[in-house]
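Here's a quick tour for anyone meeting this structure for the first time. Take a look at the sequence and the model, then come back for the guided notes.

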There are 2 protein chains.
Amino acid sequence: MKAPIFISQSNAFVQAARKAEQAKAEAAKKAEDDANDVSKGQYGDLPIVGSKDYKPFPQKRYTLHSTSKIPDNTEVLIRCDVANARSQSAKLAFLNLRDGLDSIQAVIAASETLSRQLVKFASTTPPESLIDVIGVVKETKEVIKSATIQDRELHISQIWVISKSVPQLPIQVEDAEIAIPIEGAGEDQKGESGRPLVALSTRLDNRMLDLRSTLNQAIFDIHSGVNDSFYEFLKARQFRSVRTPKILGSPSEGGAEFFEVTYFGKKAVLAQSPQLYKQMLIASRFKRVMEAGPVFRAENSNTSRHLTEYTSLDLEMEFVDHYEEVMFLIRDLLHHILTELSTTYSRQTERVRQAYNAAPFKLPKDSKDIPILTFSEGITLLNKAGMEVADDGESDINSTQEKKLGDLVAEKYNSDFYILKEYPLKARAFYTFPKGGELDAKYSHSYDFMMRGQEVLSGAQRIHNHDMLKARLDALGVPIGAGLKDYVDCFRYGCPPHAGGAFGIERIVLNWLDLKNVRLATLFPRDPSRVTP
Amino acid sequence: MKAPIFISQSNAFVQAARKAEQAKAEAAKKAEDDANDVSKGQYGDLPIVGSKDYKPFPQKRYTLHSTSKIPDNTEVLIRCDVANARSQSAKLAFLNLRDGLDSIQAVIAASETLSRQLVKFASTTPPESLIDVIGVVKETKEVIKSATIQDRELHISQIWVISKSVPQLPIQVEDAEIAIPIEGAGEDQKGESGRPLVALSTRLDNRMLDLRSTLNQAIFDIHSGVNDSFYEFLKARQFRSVRTPKILGSPSEGGAEFFEVTYFGKKAVLAQSPQLYKQMLIASRFKRVMEAGPVFRAENSNTSRHLTEYTSLDLEMEFVDHYEEVMFLIRDLLHHILTELSTTYSRQTERVRQAYNAAPFKLPKDSKDIPILTFSEGITLLNKAGMEVADDGESDINSTQEKKLGDLVAEKYNSDFYILKEYPLKARAFYTFPKGGELDAKYSHSYDFMMRGQEVLSGAQRIHNHDMLKARLDALGVPIGAGLKDYVDCFRYGCPPHAGGAFGIERIVLNWLDLKNVRLATLFPRDPSRVTP
C-alpha cells in the first residue's frame, strides 16, 4: 500500500515544479503585455462598491435608455449588464449590453489607443456581470436587430466590472426571453433558434435569472401597474387603505381549504380572504376600504389557474340606494386599470403579447360601453349557440362555458371585458344579498367581472341586516362557530348597506396578456408542490 | 307533580286572555294616535335597502360634514349615525348625529306640523342606528360643545331608520372616545365624566364598536395616510410594487421566531420579512422595489411594543457609489410622510394627541436638517449625559438607552426624528455590509431611523458580493441550509450594490401620536394571547 503513495507524492513534486515554471513564464508574458498595454487602467475588476478601495467615477452618468435620444458622438458612462459577449477577432469584439427593457450593441475595436488586452477582457467578461462602461454613442446606418436600440452603437473605451457573474449559468437569460413551452407537448420542443425550450419548472427553479429577461421585466412592470392603478383610482375616491389580519383563530368562510398554523401551541389558520374583516370595517363606519395583500388557499389543485398564495385586490364600500352604484364604480376601476395598461404600459404589453402570440385585448373606449348581462341572459346566449346549460337557479356555469360565453360576448359587443350579474343565489356565498331581499330568491345581487372569458373579480351586495343574515345561515345549516360569531354580531349594531369585490391581480395580468399559466404572472409562485425559491 | 302543571297552564290561559285584551286596547290607542299623527309617513323603519319595498328618496343628498358650510336654513337629506338621543319632554328631543369625524346636534320639537309621536320615535331610536334624516340646518347663537359642528343645529322634520342597532351595546362608543387607561393602574380608573375607563382588552374584544369612535377613525385615517404617502413618494421615484411570498419552504433568517404552517402534509413557515426576496429581486435587476404587507413574528412577548403580525413597509434599491444615497432617499421619504401627517392629517393628529395628551412632534421643515449621528457619536452623547454605555463593537443600545438618546437629540437638534448610522457589525444581521468592506470591521453600513427615541425603520447596505457573503456566513457559523441556498446563489450571477430598509407602519403611527400601546395602531392586533376578532 505504501509504494503508490510515494509514487503519487513524487509525481506531485514534479507537477508542482512544472507549474511554478509555467506561472513564471506567464508572469513574464503578462509583465511584457502590461508594459505594451496602452489601455492599462482603462479596464478591469473594480473593488467592491462600498469597500475602502472603491472610488467613484467623476463623470456624469447616463442610463442605457437615454442613449437612444442623445446626440451622435456623445461620450457616456453607463452601468448595465453584459447580456452576451463575442470576439470576432483578437482586435474586435461585440457586447450586447442590457438594462431593464433596453439593450444596445457595444463595439470594442483595438487601435493605437485601445489595446488587444482590453478587447480580450471585454469579450471574456461573463454574461450577467454588472459593469460600468465609458464609450461614445454613434449612430449607425444598418439596423441592429439584436438590440432594442437599433440605430446606435456604443464604442467602448473603458470597461469595468462592478459585480462579476460565474461563467456557467443554470439557465440562459436568452432562453427565458422565449414563451414557455406549450403544456403537454413535452419538454423537448425547440425555439426559433433551434435550442430546446426551457421548461417552466426549470425557469421557476432559477427564477432569479429568469426574471432578468425583458419578457419577465415587462410582465412585472404590468403586475406593478395593475396594483398601482387600482390603488390610485380608489385613493382618489376616498378609499381608505386597511390591513386585515392574516392569522385567524378559526376558519371563517367554510370549506376545508385553509392552512393551519401552529400558534404558540394552539391551532390557528391563514385567512382565505379579507372578506369578513372588510365587512366588519364597513359596519365600523369605515365607508370605503381597500386592501392589496396575500390570501391563502389550501386547494390541492395543480392546474395552470390555481395558486395556494396569491395577491387579492379587495375593496368594499357603503352605498346609498342600490348595489349597482358599487358595481359601476368597480367597472370604471377595471376600465381605468386596463386603459393604463394599454397606454402607460403599451411597450411592456407589446413585448409579452409578441412572445405569446396573443391577440390584442378588445376594450371599449368608454366604460359605459362595457357589456353587462344578467346570468339568465348569459345562459340564453349559450343556449342559442348550441351549448345546453340550465338556468335552474341551482348551478353556476363552469369554466368551459365561461370561456365560450366570453367568446360570444366579445363577438356580439366587441369587448373582451364584460360583467355578468345576478348569479343564482345558491351559487354564491352565504353573505350574498338575495335578489329583492327575499330569502328564497332564485338570483342574487352579485356580479363577476370577466376578461377573455375568465373571471377576474367576484363581488356582490352583502347582507347588512342581522336577522336576514341569521336566517340565511340557518337555512344553509351553517353553524355560527367561533370563526363567525364576531362577524355576525357586528350586524346587530346597525350597518350601512354595502357591496364590494376582490380581484386576483395575477388573473388580470394573465388575461390581459393571454399568458398560458398563472405562475407566469407571479414572482415566486406557490402551489401544492412548490414552496421555493 | 301534575297539579302544578295544570295550575300553571290555566294561569297561562288567564294571562293570554289578559294579554289579548291589553293588545286590543293598545291597538285602539295606536289607531287613535295614528289618526291624530300629523307626522304620519315622516318617520319609521325603512325596508332593508336592496329589498323590493325599499324606495330611494328623490332629494339631493348632503354629507353631515357639508352642513358646516351651507347657507342658513337649507333643507338637507343626510345619512348618518345616531350617537345618542335624549328626550327633554314629550315635545322636545335632542339627538347627537355622527358621521366619521363630524357630529351635529339635531333638534326635534313637536309643533302643529310635527307630532309628539315623531319626537318619541326619534328620542327612542337606539344609539348606533344608521338613519336618513331630513331637516333644516340653522345657525345657532350659543356654541354647541357636544358636537364638532358647533355653530349649527339640524331641525329634523323626518327621521327614517336604515339599519337599527339593538338597544344594549357591549361597550359605549362614547367610552371609546377616551384614551385607554394607563397600564398598571388597574381597571377601575375613571374618566372625566366619572364613568369607569374601559380597558384595552374589552375595547379590542368589541373592536367593531370601538373603531366607530372619532378617536379610532382618526388613528386609522393616519394609518392609511402613512401607507399612502409611503407608496406615492416611492412610486414617483420609479419604485416597483412587488409581492413576495409569505409561505416559505424553510425558515431563512435564523432564530426560532417563525410560525409553522402545515402545507399539504409537510412543514412550511411564515415569512418573517420580505428581506431575502427583495434582495433577490435586486439581483434580478428590479432596481427599486417596494412592498407593503404583513410579516409574522412568533415572539412570545406580551409587551406594549410587540405584535405577532404587523404591516411592514419595505423598500430596497440599487445605488451607484455609496449606500448613503439610499439612506438619504429614505430620510426624505419619512420626512415626506410626517409632513403629510402634519398637514393633510392635522385634524386627525390633533384629535388623537388631545386624547393622549401628547406633545407636538418636532420636525425640521427641511429634510436636510434631520440630525444624522454615528452610533459612536450617539454613545458619546449618552456617556456625556451620565449614562454609561460601552462602544465596544459588541453590543447594541437597549430601548431605555434609545429613549434617552432620543431625548438628548431632540433637545440638542430640536427634532424628534433622527438617524443613527454605522451600528456595530456584530449587532446586525449577517447580510449587513461591514464598514469599508472589511470582514472584521467594528461597524457596518447600517442605519436606524428614530421617532421620539423609538426605532421605526431599520436598514443597511447589504452584501452583494457572493464571496464576501459566504465568508460572513462562515465566520458566523451560519449553515447555508435550504432556506438560504437560493438566496446565497443569486449573488453568483452578478448583483448591483444595494441597500434598503423596512418601516413598521404601526411604529410610525404610534410614535407620531405618542400612543401608549402598538395595539392601538392596529385594526385587529395579534399577540400571543389574541387571535380574535
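A salt bridge, as the term is used here, is a side-chain nitrogen of Lys or Arg within 4 Å of a carboxyl oxygen of Asp or Glu. Keep that in mind, and remember that you're looking at a predicted model. By that rule, the structure holds 62 salt bridges over all chains.

**Two domains in chain A**

- Chain A splits into domain 1, covering 44-163, and domain 2, covering 215-521.
- The C-alpha centres of these two domains of chain A sit 48 Å apart.
- Where they meet, 4 residues of domain 1 of chain A are in contact with 5 residues of domain 2 of chain A.
- About 350 Å² is buried between the two domains of chain A, and carbon and sulfur atoms give 60% of that.
- On the domain 1 side, Gly100(A), Leu101(A) and Asp102(A) supply 89% of the area buried against domain 2 of chain A, more than any other three residues.
- Between these two domains of chain A, the count is 1 salt bridge.
- Arg347(A) and Asp102(A) form a salt bridge, with their closest N and O atoms 3.0 Å apart.
- Sorted by class, the side of domain 1 of chain A that touches domain 2 has 1 nonpolar, 2 polar and 1 charged residues.
- The interface of the two domains of chain A also has 2 residue pairs in polar contact, both residues being at pLDDT 80 or more.

**Where chain A meets chain B**

- Here 103 residues of chain B are in contact with 103 residues of chain A.
- The two chains bury about 8500 Å² between them, with carbon and sulfur atoms giving 57% of it.
- Which residues of chain B lose the most area to chain A? They're Arg243(B), Phe264(B) and Tyr493(B), and together they make up 9% of what that side buries.
- There are 10 salt bridges between chain B and chain A.
- Lys52(A) forms a salt bridge with Glu438(B), the closest N and O atoms being 3.2 Å apart.
- You'll also find 71 residue pairs in polar contact across the interface of chain B and chain A, both residues at pLDDT 80 or more.
- H6(B) gives the largest share of the side of chain B that touches chain A, with 10 residues.
- By class, that side of chain B has 47 nonpolar, 27 polar and 29 charged residues.

**A few salt bridges up close**

- Arg240(A) and Asp221(B) meet through their side chains in a salt bridge, at 2.8 Å from N to O.
- That pair crosses between chains, going from strand S7 (residues 240-241) of chain A to helix H6 (residues 214-235) of chain B.
- Arg240(A) and Asp221(B) are both buried.
- Glu316(A) and Lys278(A) pair up too, at 3.4 Å from N to O.
- Glu316(A) is in strand S12 (residues 309-318) of chain A and Lys278(A) is in helix H7 (residues 275-283) of chain A, so the pair ties together parts 38 residues apart in sequence.
- Both Glu316(A) and Lys278(A) are buried.
- In chain B, Asp489(B) forms a salt bridge with Lys485(B), their closest N and O atoms being 2.6 Å apart.
- Asp489(B) and Lys485(B) are about one helical turn apart, because they're 4 residues apart in helix H13 (residues 482-489) of chain B.
- Asp489(B) counts as buried at 16% relative accessibility, whereas Lys485(B) counts as partly exposed at 46%.
- Asp81(A), Arg98(A), Glu128(A), Arg212(A) and Arg285(B) are joined into one network by salt bridges that share partners.

Terms used:
Residues numbered from 1 in each chain as written. Chains lettered and ligands numbered in written order. Predicted model: local features only at pLDDT ≥ 70, side-chain atom pairs only at ≥ 80, totals over all residues. Heavy atoms only, no water. Domains from an automatic or database assignment. Contact = heavy atoms within 4.5 Å. Buried area = accessible area lost by both parts, 1.4 Å probe. Polar contact = N/O pair within 3.5 Å; in protein donor to acceptor, adjacent residues only side chain to side chain. Nonpolar A, V, L, I, M, F, W, Y, C, P; charged D, E, K, R; others polar. Helix = DSSP H or I, 4+ residues; strand = E, 2+ residues; numbered from the N terminus. Buried < 20%, exposed > 50% of the residue type's maximum accessible area, 1.4 Å probe, protein only.
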